[in-house]
Amino acid sequence: MTSKRPLVKNLKTRLREALNSLDSKMATLLSERDLLESRLEQAVRLQSPVQRLPNELLASIFVTGVLDMGEEDSLMLSNIMLVCKYWNEVAINTPILWSRVVAGTRYSLEKAQRKLERSKSVPIHVCVDFSPRTDNGMVKTESIIYAMDLLRTSIWRWKSFRLTVPNRPQAHVALQRCQEEAPLLEVLSIRILHSMQEDHYPHRVPLPLFEGRTPNLRSCSFTSFNFGWDMKLLSRLRVLKLGGYWNGFSPSVDTIVGILRACPHLEELALRNMSDVDPDVCPAIEMDSADLSEAPVRASDTRMIQLPRLKKLSFYYSGIVRTRTVMSLLSCPALESVELSFLDNVSPVIEHLRRQSLTSLPLKKMRIESSFFNELKLVQLLRRLQSLTTLELVDVEDASSNLLKNLSTPPTSQTWICPKLTTLTLEGCTSLHWEALRTFVESRLPAHSRAFPRQFVPHPNSSPIVSTTPPQMHPTTTSTSSASAFAAKAHILAHAPLTQSAKSTANAFGWPQRLQSIDLTRCHQISKEMVQWLRMYVAEVKCDTPKAVWGEPSLA
């Protein structure tokens with residue numbers, strides 16, 4: 001018995017050693033298996049299409065995703081760099097991804113410097129935004145100087161430059177760093193936030209900006225920036241926006257006229273927030289008018305200004321005398337959008353547009369806000385605007401039910417007014433009656449194919465007779481007929497598309513397009529039931545949200 005105990009003990013030891021050896025081998029094999037699995041996963045990943053993209057194609061995708069975001073400092077670029085090391089390297093080695101350089105109160109200068117370095121020599125878009133964080137916040141001039149000193153070394157490759165500062169002295173300090181040539185600059189925007197402040201700063205504007213050498217400058221936007229109206233900055237422009245000029249700093253009529261003559265290829269003009277000019281400064285332009293509100297406007301140079309490419313025109317609190325003078329001298333046969341806001345009586349401007357329409361006026365959008373006008377003159381203008389798709393009337397008291405009646409079904413001998421009108425805004429127009437609005441919407445509804453009269457089939461022995469009288473869109477009913485009866489008699493399908501035959505017939509007789517959107521915000525005469533009726537026939541109806549007792553939105 002004693003001789004067998006050592007043997008059993010040795011056997012246990014060997015068995016334990018054998019188990020340990022197997023465990024170590026299994027651990028080694030498992031680690032090798034994990035390694036092989038990771039390599040296999042990596043090999044499979046490398047075979048995916050996204051991993052086989054060339055660096056150039058991947059960089060183009062990054063550029064499309066980042067630059068099309070429309071943001072000055074998009075987070076998309078940071079997210080791309082966090083995907084993997086490969087994407088990180090591609091992003092860093094793509095200079096155009098870093099071409100948007102932003103500096104200001106909400107952006108660090110270190111990040112701006114990093115973008116300047118990584119963008120290398122590609123054209124860059126520079127935005128210097130030192131708007132205060134709060135309404136009463138302060139901005140140190142030293143911070144603006146540091147930012148401009150960092151950016152001034154790259155002026156030669158600026159493609160756009162936007163500057164936003166609180167006051168004029170800070171704008172002048174910043175622009176003193178812009179004395180080098182800018183051969184690539186296309187867009188220049190200078191915005192001073194506190195435009196109503198008293199300006200006691202000595203007017204030592206650092207002129208000329210960029211040494212007067214901006215051969216590619218095409219767009220200028222100035223807000224309260226007094227630059228002496230240097231014509232070197234305002235020549236050969238495509239886009240011009242001026243605003244925030246009060247009292248003695250507002251441009252005279254001759255200044256605006258001179259700028260327009262220097263920009264024969266202008267495509268967009270916007271004048272906003274300006275003190276009006278004195279109407280008794282220059283010789284008068286002859287103008288047939290019997291109303292004191294339409295007294296002769298004045299300018300020293302009465303030659304017509306030809307702007308064949310002007311498409312967008314906006315006058316927002318720019319002074320009625322200045323606006324009428326400019327409009328009386330403009331010839332804009334390609335005008336597509338016009339805005340007249342806070343201009344007192346705009347009837348003379350409407351008359352100028354009507355005269356322009358006698359030759360060519362492809363106007364598609366018209367907006368009148370907080371202004372007076374002669375409704376008859378507006379209707380006469382609308383008769384000439386066959387391409388108008390959007391009409392916006394905001395806070396106008398002269399828009400009555402007669403306007404909607406003129407836009408409804410015309411007499412047999414007349415054509416439709418604005419047959420392509422699809423968007424109508426009547427915000428704050430409280431003098432409109434519901435019956436006129438309902439008739440207007442009903443008259444522009446599409447008719448079902450069965451609503452059209454059947455074609456006359458002549459007898460074989462009789463001579464063919466073709467009727468030249470166009471069929472009517474709606475049955476002859478009284479104004480008090482209900483909407484359901486109207487729909488039943490005219491076979492109107494409110495939400496069903498037109499058949500091809502119905503479309504061809506409607507186009508042949510010149511019937512109008514269906515109204516797609518209507519805005520009745522602050523029209524308190526329109527009840528909730530009326531809005532519900534409109535939503536059955538108009539795709540988008542905007543109105544005030546019902547309020548509860550304490551002013552919060554009602555859930556009903």
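A residue is called buried when its relative accessible area is under 20%, exposed when it is over 50%, and partly exposed in between (1.4 Å probe, protein chains only). The model is predicted, so local features need pLDDT of at least 70 and side-chain atom pairs count only at pLDDT 80 or more, while totals for chains, interfaces and linings use all residues. Residues are numbered from 1 along each chain as its sequence is written, and side-chain values use heavy atoms, with hydrogens and water left out.

**Exercise 1. Determine how many residues of helix α9 are buried, and name them.**

Step 1. Helices (H or I, at least four residues) and strands (E, at least two) are DSSP runs, numbered from the N terminus; helix α9 covers residues 320-329.
Step 2. In this helix, 10 of 10 residues are buried.
Step 3. The buried residues of α9 are Ile320, Val321, Arg322, Thr323, Arg324, Thr325, Val326, Met327, Ser328 and Leu329.

**Exercise 2. Describe the surroundings of strand β11 and identify its pairing partners.**

Step 1. Strand β11 spans residues 337-345 and is mostly covered, with seven of its nine residues buried.
Step 2. Two strands pair if DSSP finds at least two bridges between them. Strand β9 (residues 312-316) pairs with β11 in the parallel sense over five bridges, and Ser314 has Glu339 of β11 as its bridge partner.
Step 3. Strand β12 (residues 365-372) also pairs with β11 in the parallel sense, here over seven bridges. Val338 stands opposite Met366 of β12.

**Exercise 3. Locate the salt bridge between Arg177 and Asp149, and characterise the helices α6 and α7.**

Step 1. A salt bridge is a side-chain nitrogen of Lys or Arg within 4 Å of a carboxyl oxygen of Asp or Glu; the structure holds 18 of them.
Step 2. Arg177 and Asp149 meet at 3.2 Å, N to O. Arg177 lies in the loop between α7 (168-175) and β4 (187-192), and Asp149 in helix α6 (residues 141-151), so the pair ties together parts that are 28 residues apart in sequence.
Step 3. Arg177 is buried, at a relative accessible area of 16%, whereas Asp149 is partly exposed, at 32%.
Step 4. The axes of α6 and α7 come within 9 Å and cross at roughly 25 degrees. Axes are lines fitted to C-alpha atoms, for helices over the stretch in contact, with angles from 0 to 180 degrees between N-to-C directions.
Step 5. The two helices α6 and α7 are therefore roughly parallel to each other, a label for angles under 35 degrees.

Key. Parallel < 35°, antiparallel > 145°, perpendicular 65-115°, else oblique.
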